[in-house]
Amino acid sequence: MNRRTSLALAAAGLTATLTLAGCSSGPTPRSSSPSPSDGSSASPGSEPQLTAADGYVPKPVGDLAAGFIVITNSGGTADKLTSVTSDLSDDVTIHKTENQKMTKVTSLDIPAGGELNLERGGNHIMFMSLKRQPEEGQKVRVELHFEKTAPMKVDLPVKPINYNPARH
Amino acid sequence: MHKKTLMAAAAFAVSAALTLTACGGGDSSGSADKPVADIATQGTTKAATVLDRPFTKPNLVLKDTRGRTFDLREETKGKPTLIYFGYTNCPDVCPLTMSNIAIARKSLPKADQDKLQVVFVTTDPERDTSAELAKWLPSAGDMSFIGLTGDFPTIQAGARQLGIGIDPPRKEKDGTVVSMHGAQVIAFSPKTDDGYVLYGEDTSPDDYAKDLPKLIKGENP
């Protein structure tokens with residue numbers, strides 16, 4: 001009884017915590033070392049060095065879809081994801097999710113020596129009014145646009161509706 | 001009693017500490033944070049949160065996917081029931097949650113599948129008509145799932161009785177609508193008809209598959 005109560009409260013506390021974690025305006029990168037001078041490999045002030053990995057699109061239900069990807073910046077300068085384009089849809093936007101509510105944003109930060117993690121339950125790419133229904137095994141080609149770095153083309157594989165690699 | 005209070009206080013202290021860590025954005029390797037992390041792990045090892053004080057099933061009378069009146073208490077009385085509040089223009093968590101439950105449900109013996117009631121209540125009733133729900137729910141989840149729509153204030157009040165806060169959909173200047181889904185799936189016991197277990201959005205199909213046989217009997221997972 002006691003243990004259960006405390007666990008329930010701990011769980012409630014965690015919920016509150018996760019909610020409040022959204023109080024910073026930007027995304028919450030996994031890396032906590034945005035400073036280029038803390039011994040990361042990049043020299044201070046060096047150009048952003050972006051790589052994109054682990055992207056996917058869960059098989060859409062209806063005529064909208066979400067896209068997820070991790071963008072890592074090994075350079076010494078921060079960058080921003082400013083827009084995404086795709087032949088899947090003419091209406092592609094980037095969203096943040098806070099308090100079970102997703103809202104469109106104009107950019108998402110990619111800190112120097114850190115990463116921008118678009119993952120389930122959090123930030124994502126939103127495709128509206130899909131031109132076709134992508135099936136599992138197919139790929140969705142997207143072009144990522146940044147504030148400083150040149151655009152990058154990435155293929156996002158279509159995965160099952162409930163695919164969630166970040167879950168542990 | 002005394003012990004219980006202390007543990008409760010500890011749990012809240014943990015939440016406060018984690019909150020500050022999250023907002024500070026700094027590193028969390030400081031020694032003061034270590035016990036915090038340990039306790040937090042304990043609280044998250046299981047998908048289910050069993051409530052000491054279960055929720056009474058809300059008195060929701062809405063429309064189902066065929067537009068018929070659906071009285072939640074009457075229709076699900078004595079049946080194991082999962083309820084989730086979401087909306088169909090939700091690209092991520094809502095289909096994820098419905099799909100996870102659908103996959104877990106398929107792993108059950110047929111008799112248990114038939115007993116389990118999965119109810120999706122829209123938080124965006126203006127866009128989610130009965131017809132929209134009828135189209136979306138079988139693809140996101142399963143043919144057997146019950147989709148409900150109706151007046152937003154009725155839905156909001158029902159959610160509130162389950163501790164779920166839902167804001168009305170808000171129309172932005174550019175015409176896009178910002179809706180909101182609930183944070184939890186709530187399981188109702190066939191024995192008491194009370195909502196006694198919560199599942200967060202990180203709950204996997206395996207977690208549900210493991211717990212459903214017990215939920216179907218009204219037991220604690």
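In the predicted model, Leu82(B) touches Ile101(B), Val118(B), Val119(B), Val185(B) and Ala187(B), leaving aside residues up to four places away in sequence. Leu82(B) belongs to the largest nonpolar core, which holds 50 residues; together with Val119(B) and Phe120(B), Leu82(B) touches the most other members of this core. Helix 4 of chain B supplies the largest share of the core, seven residues. Another core, of 24 residues, lies apart from this one and includes Val57(A), Leu81(A), Ile94(A) and Val140(A). In soluble globular proteins, nonpolar side chains tend to be buried together.

Helix 4 of chain B consists of 14 residues and spans 20 Å from its first C-alpha to its last, close to the 20 Å expected at 1.5 Å a residue. Twelve of the 14 residues are buried, so helix 4 of chain B is largely enclosed by the rest of the structure. The buried set comprises Val93(B), Cys94(B), Pro95(B), Leu96(B), Thr97(B), Met98(B), Ser99(B), Asn100(B), Ile101(B), Ala102(B), Ala104(B) and Arg105(B). The cover over these buried residues includes strand 4, strand 5 and strand 9 of chain B, as well as helix 5 (110–115), helix 6 (130–140) and helix 8 of chain B.

Chain B contains eight helices and ten strands. Six of the strands form an open sheet in the order 1-10-9-4-5-6, with mixed pairing. Strand 5 (residues 117–122) and strand 6 of chain B are paired in the parallel sense through three bridges. Val121(B) has Leu148(B) in strand 6 of chain B as its bridge partner.

Of the 221 residues in chain B, 43% are buried. Among the contacts of chain B between residues at least 6 apart in sequence, 72% join residues at least 24 apart. Asp206(B) is located in helix 8 (residues 205–217) of chain B. This residue is partly exposed, with 13 other C-beta atoms within 10 Å. Asp206(B) and Arg160(B) are 46 residues apart along the chain, and their C-alpha atoms are separated by 29 Å.

Chain A has one helix and ten strands, and its pattern along the sequence is α-β-β-β-β-β-β-β-β-β-β. Buried residues account for 39% of the 168 residues in chain A. Of the contacts in chain A with a separation of 6 or more, 74% are between residues 24 or more positions apart.

Strand 1 (residues 50–58) and strand 2 (residues 65–73) of chain A are paired in the antiparallel sense over five bridges. Leu50(A) is placed opposite Asn73(A) in strand 2 of chain A. The two strands form a hairpin with six residues between them, and Gly62(A) in the turn has a positive phi of about 80 degrees. Strand 1 of chain A also pairs with strand 10 (residues 152–159) of chain A, in the parallel sense and over two bridges. Here Pro58(A) has Lys159(A) in strand 10 of chain A as its bridge partner.

Backbone angles were also examined. Most residues other than glycine have a negative phi. Gln100(A), which is not a glycine, has a positive phi of about 60 degrees. Gln100(A) is in the loop between strand 4 (91–98) and strand 5 (101–105) of chain A. With 24 C-beta neighbours inside 10 Å, Gln100(A) is buried, the threshold being 20 or more. In chain B, Asp193(B) is a residue other than glycine with a positive phi, near 65 degrees. Asp193(B) is in the loop between strand 9 and strand 10 (194–199) of chain B. Asp193(B) counts as partly exposed, with 18 C-beta neighbours inside 10 Å.

Conventions:
Residues are numbered from 1 along each chain as its sequence is written. Chains are lettered from A and ligands numbered from 1 in the order in which they are written. This is a predicted model: local features need pLDDT of at least 70, side-chain atom pairs count only at pLDDT 80 or more; totals for chains, interfaces and linings use all residues. Two strands pair if DSSP finds at least two bridges between them. Helices (H or I, at least four residues) and strands (E, at least two) are DSSP runs, numbered from the N terminus. Two residues are in contact if their C-beta atoms, placed from the backbone, lie within 7 Å. The expected span of a helix is 1.5 Å times one less than its number of residues. A nonpolar core is a set of buried Ala, Val, Leu, Ile, Met, Phe, Trp, Tyr and Cys residues joined through C-beta atoms within 7 Å.
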